[in-house]
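Work through the exercises below with the sequence and the model side by side, and try each task before reading its solution.

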Amino acid sequence: MGRRVRSSNLLSNLPQLQNLIKRDPRSYEEEFSQQLQHFESSLVIFELKPDEEAKEFGEVINFLSQVVRCYPEKSARFPGQLISLLEKHYPVLEAELRKSIVQALILLRGRGVVSNEKVMPLFFTLFKCRDKKLRALLYTHIVNDVKAANRGKHRDHKLNKTLQGFMYTMITAADAQDKHGEGAIAAKKSLDVCIELYRKRVWTDAKAVNVIVQACFSPINKVMVTAVQFFLNPQKKSSEDGGSDDDSDAAAEGVGISKKNSVNLQLIQHQSNVNRKTRARKRVLERATRTHKREQARRDGQLADEDSSATVGGGAARKKAVAAVNFDALSLVHDPQGFAEKLFGRVHHSTTATKRGGSTVDRFEVRLILLKLISRLIGHHQLQLMAFYPFLQRYLQPHQLEVTQILALFANGTHAFTPPDVLQPLVRAIADNFVSDHCAPEVMCAGLNTIRAVLARQPLAVDPDLLNDLVLYRKHKDKGVMMGARSLLALYRQINPEMLHRRDRGRDASQNLGRVPLQFGEQRPAEGVDGAELLELPSSGSDDEDSDVLLESGDSDEGLSYATADELLSDGDAESDCSVGIQGAEDESSGPASDDEEAGSVSGSDSGQLKAASSEQTSTKLVAKKRVDMLRFLTDEDFSRIEQLKKRRRNEGVSSKSKKQKAGDGHLDEDEVGGDEDLSADESDSDGLVKDWDILGDYHSRRQRRKATYDERMDSIRAGREGREKFASSKAKRDKGGVNLSNKQKRKTKDFKMIAHKRSIVSKGKRSLVQKRQELRKHVIKQKKKGY
């Protein structure tokens with residue numbers, strides 16, 4: 001009797017039965033069979049009315065999913081029954097029951113009971129459900145499951161190909177073009193999965209990237225903006241997983257600025273300044289600062305994803321992981337020309353169209369990020385899209401919204417094969433609208449920096465008259481304008497000094513006037529590794545003076561400066577020319593003096609032999625002075641050494657000019673302009689793109705300058721006091737020497753209320769007139785002795 005009661009209790013107490021089955025599956029096989037039969041009978045009844053709530057049915061599914069691996073033969077049909085139930089009735093199922101079935105399938109997939117080829121298409125279909133929590137659960141599982149299937153060097157190409165094709169179908173399906181339909185939600189989540197797998201370095205092939213390309217043509221702004229933002233910054237994590245499905249279109253159409261910031265650093269800093277200083281509040285501020293810096297680095301694409309950085313140990317390995325994650329998605333686009341033309345067609349239609357007739361018009365923010373992507377495609381692949389540049393001319397006004405971003409994308413959309421006659425009207429428009437005396441200095445600085453960024457890519461896009469007019473602003477009173485004009489002057493001193501006036505060319509540029517500038521479409525192949533001449537040239541075995549030269553400036557290796565190969569070759573050519581010239585002069589002087597024709601012939605033959613000998617000597621020098629990169633393979637240490645030597649050369653140039661400025665009349669010579677500007681070229685970033693802060697120039701650093709903290713101000717004060725100890729106060733000298741004041745001296749500086757209760761102070765008020773007179777006389781005598 002007790003056993004029957006216990007058995008009936010087990011059938012109703014599923015958690016206890018689950019625990020017992022996991023411990024001893026063979027003893028409770030009959031109970032499992034009863035529960036499996038109960039599930040099948042309940043499934044038949046449930047399919048008659050699938051929209052009703054069935055809590056008990058969900059508990060049975062949860063129980064069977066936990067113990068089904070203990071009886072693989074009896075439960076072979078169980079996963080297929082769950083999949084079939086979801087495929088038929090997922091739109092009408094109750095939310096909790098549907099989530100329980102999905103969790104059961106995820107559990108079965110994790111234990112290897114069901115393959116991912118069977119459940120993945122179903123999970124992507126379930127993205128159409130209007131259940132935010134379910135979509136977040138599916139998103140997390142799909143990303144983790146695909147990542148686990150492609151762990152390490154192993155790649156499940158069959159699964160990847162199937163899923164990528166399924167994503168392409170969902171993004172380009174007809175129901176995915178309806179903004180209010182269920183297909184749009186599924187397309188957005190499928191796109192998020194593809195982007196996240198790319199960011200986690202799981203799908204980095206061309207097919208995954210071109211699936212995202214198709215999403216850029218979606219009529220739904222959420223889908224389109226997400227795909228475009230991916231190409232603008234592949235390593236920037238998009239909106240939170242599953243958290244942006246029900247947001248407004250305005251939030252999605254923004255330029256990627258999230259409304260939900262995880263940390264408000266300004267608020268915490270303000271609270272720290274206002275509230276009482278405690279160690280707990282200090283820790284909160286430090287934690288918020290670290291979090292903010294980490295978010296900023298991830299926002300700029302400088303930080304790898306959390307999974308890779310968590311598994312990497314040490315700083316060097318973490319840097320390697322960050323460097324390995326920088327894939328170039330734009331290089332994997334199959335048809336960049338057609339991609340750019342389609343995007344530009346959408347922007348042009350949205351700009352010229354009206355809302356009449358039911359046509360949709362994209363907001364300016366959406367058109368701006370589309371223009372950014374078009375400009376990067378043009379600059380990266382060197383495309384020819386002639387209608388792009390006249391279209392931008394309407395936005396080249398100082399009062400235009402987001403004008404710095406427009407100027408930056410104009411510079412990024414320029415390359416060496418862009419026709420100069422297409423760019424000249426835009427350069428002229430920028431010069432007329434931005435670089436003028438009636439404009440603000442900030443506007444002039446932005447215009448000059450934009451012109452310099454464009455001309456650095458296409459130097460033929462400006463005529464000499466306009467160039468020399470812009471160079472005249474190098475003496476402007478504003479620092480930003482002056483630096484922009486000087487950078488433009490330094491650029492043309494390097495690439496084409498003939499376009500400048502003679503007084504503006506400088507000494508070095510005047511010596512290089514014989515160099516022919518590049519024409520439109522012309523390219524000169526590199527002769528070797530840039531900066532390889534800075535390395536020590538290998539010795540050729542000869543002990544003469546013309547072997548490899550090292551000019552020592554100190555005893556240590558850090559003070560060595562190497563003679564370049566061009567200098568050695570020029571010295572050798574000069575010596576040979578001088579020897580030939582001297583011999584020729586001797587021949588000319590000896591020719592008229594001799595009356596014998598044979599003497600003239602002998603001297604001519606001697607001069608010919610000397611010339612041949614000198615030419616042979618020069619050729620041997622040329623052979624001996626080959627570049628180091630032509631003689632051996634350069635290693636990583638050689639490249640790092642080249643970078644160090646380049647940096648040292650630049651620093652030496654800057655320090656020498658600063659010394660000259662201090663020793664001279666306080667300003668640099670006009671010929672020396674351009675050394676500092678070369679350090680801040682527009683290709684300052686590793687990706688070679690022009691950012692809006694490059695356009696602002698000096699004004700960006702002014703805007704970013706924040707108020708110094710108390711510790712920073714004190715450090716600055718202490719740094720200014722160094723070397724000025726003789727001007728310090730007596731208190732500072734006494735504190736530095738470790739000498740303290742006596743209690744009597746300290747009482748002189750205390751407030752009277754603090755010492756009013758002292759016996760000496762109280763007794764003074766009780767003195768008689770005779771005592772006061774005596775003390776006054778003592779004080780007068782004491783003062784006379786001191787000389788007062």
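The model is predicted, so local features need pLDDT of at least 70 and side-chain atom pairs count only at pLDDT 80 or more, while totals for chains, interfaces and linings use all residues. Residues are numbered from 1 along each chain as its sequence is written, and side-chain values use heavy atoms, with hydrogens and water left out.

**Exercise 1. Find which residues of the largest nonpolar core touch the most other members.**

Solution. Begin with the term: a nonpolar core is a set of buried Ala, Val, Leu, Ile, Met, Phe, Trp, Tyr and Cys residues joined through side-chain atoms within 4.5 Å. Here buried means under 20% relative accessible area, exposed means over 50%, and partly exposed lies in between, for a 1.4 Å probe and protein chains only. The largest such core has 144 residues, and F39, F231 and F388 are the members that touch the most others. Helix 19, residues 364–381, supplies the largest share of this core with 10 residues; helices are DSSP runs of H or I with at least four residues, numbered from the N terminus.

**Exercise 2. List what F388 is in contact with, leaving aside its neighbours within four places in sequence.**

Solution. Contact means heavy atoms within 4.5 Å. With those neighbours left aside, F388 is in contact with F344, L371, I374, S375, I378 and L409.

**Exercise 3. Locate the partners E29 and K74, and explain what their pairing ties together.**

Solution. A salt bridge requires a side-chain nitrogen of Lys or Arg within 4 Å of a carboxyl oxygen of Asp or Glu, and by this rule the count is 16. In the bridge between E29 and K74 the closest N and O atoms are 2.9 Å apart. E29 belongs to helix 3 (residues 29–46), whereas K74 sits in the loop between helix 4 (55–67) and helix 5 (78–89), so the pair ties together parts that are 45 residues apart in sequence. E29 is partly exposed at 32% relative accessible area, and K74 is partly exposed at 39%.

Notes:
Helices (H or I, at least four residues) and strands (E, at least two) are DSSP runs, numbered from the N terminus.
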